[in-house]
Amino acid sequence: MSRTAAEIATQPACWRRAADAAASSGEGLPRPGERVAVTGCGTSWFMAIAYAALREAAGQGETDAYPSSEFPSSRSYDRVVAITRSGTTTEVLDLLGALRGRGVPTVALTGAPETPVRDAADVVVALDWADEESVVQTRFATTALAFLRAALGEVPGVKTVAEAAADAEEALAEPLPDTLTGAEQWTFLGRGWTYGLALEAGLKMREAAGAWTEAYPAMEYRHGPISITGPGRVTWVFGDVPEGLAEDVARVGGTLWAHASADPVADLVRAQRLAVAVAEARGFDPDRPRNLTRSVILSS
């Protein structure tokens, strides 16, 4: 078993621990009614997108998500949440430094608290027990989301973290269908908070397996992206499938994958497993993805 696959398998336990941690300490986290921005790079940005949508769905306040390099300096926020596994990513550290100069409260979730992020953010939430050896992020990102999600409390129409963990255990135990592992192309779709998960699933496949993947808001799929769908290609929907979409995929010969009864993050675990399986089938090492490092540190 690859290191990446082993870390993927630990996620249900990590999520339960994250929920317990959120219940015991919410220092620095957004308060109901605050105008909040969430930021990160790569996978962390996609988790920021998911959390921002969940927070708004919970009625706790306007919440935006940005990649750290594109944060709008002209906008005012009551608090900024940064997600950074390594604690060393240049764009995140530069942004936190700039926000401190403006007096904006910041909180960073990290897997490596004894890194420069310790001095860059006002509050640091250490999730070091969910950190990874792998270059490709899996359990840290979903654990950070589980922590933030648990801190929100009840979100209408969304399962609890405990329920998500139970669904993830099923996703880890079930074999991957041949229609998924044998496809030549995958398009991932989501609505609301699951759009961030769709983006992340596509990234995992590209990082680990060098695969051709795309990701879109589910209702945008028929506005162009459906043109690449056909035999041997998968359209994967996180959460509920929009009315008529299954029929449209079938009409053009594609394969629809949807597991609407499962928590969408549990379905992301399935996509992570798929990325490893496809990588290994293609002769790639998922622990050593091409052209990637654990953290992007830019020269000054």
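**Exercise 1.** Does Ala279 count as buried or exposed, judged by relative accessibility?

*Solution.* The structure is a predicted model, and within it Ala279 is found in helix H11. Its relative accessibility is 0%, and buried means under 20%, so Ala279 counts as buried. Leaving aside residues up to four places away in sequence, Ala279 touches Ala208, Ala209, Phe284 and Pro286. The C-alpha atom of Ala279 is separated by 9.2 Å from that of Pro289, which lies 10 residues apart along the chain.

**Exercise 2.** Determine how helices H6 and H11 are oriented towards each other, and which residues meet.

*Solution.* Begin with the axes of H6 (residues 139-152) and H11 (residues 264-281), which come within 12 Å and cross at roughly 180°. Angles over 145 degrees count as roughly antiparallel, and H6 and H11 are therefore roughly antiparallel to each other. Next, turn to the contact itself, where Thr142, Leu145 and Arg149 in H6 meet Val265, Leu268 and Gln272 in H11. Sorted by class, this contact has three nonpolar, two polar and one charged residues.

**Exercise 3.** Describe the four-stranded open sheet and the helices that lie across its strands.

*Solution.* The strand order is E7-E6-E8-E9, with parallel pairing, and the edge strands, each pairing on one side only, are E7 (213-217) and E9 (255-258). On average, neighbouring strands are turned by 20° against each other, direction ignored. Strand E6 (residues 185-190) pairs with E7 over five bridges in the parallel sense, and Trp186 stands opposite Thr213 in E7. Finally, helix H9 (residues 194-209) lies across E6, E7 and E8 (233-238) at about 160° to E6, whereas H11 lies across E6, E8 and E9 at about 150° to E8.

Note on methods
Residues are numbered from 1 along each chain as its sequence is written. This is a predicted model: local features need pLDDT of at least 70, side-chain atom pairs count only at pLDDT 80 or more; totals for chains, interfaces and linings use all residues. Side-chain values use heavy atoms; hydrogens and water are left out. Axes are lines fitted to C-alpha atoms, for helices over the stretch in contact, and angles run from 0 to 180 degrees between N-to-C directions. Helices (H or I, at least four residues) and strands (E, at least two) are DSSP runs, numbered from the N terminus. Angles under 35 degrees count as roughly parallel, over 145 as roughly antiparallel, 65 to 115 as roughly perpendicular and the rest as oblique. Contact means heavy atoms within 4.5 Å. Ala, Val, Leu, Ile, Met, Phe, Trp, Tyr, Cys and Pro count as nonpolar, Asp, Glu, Lys and Arg as charged, and the others, Gly among them, as polar. Buried means under 20% relative accessible area, exposed over 50%, partly exposed in between (1.4 Å probe, protein chains only). Two strands pair if DSSP finds at least two bridges between them.
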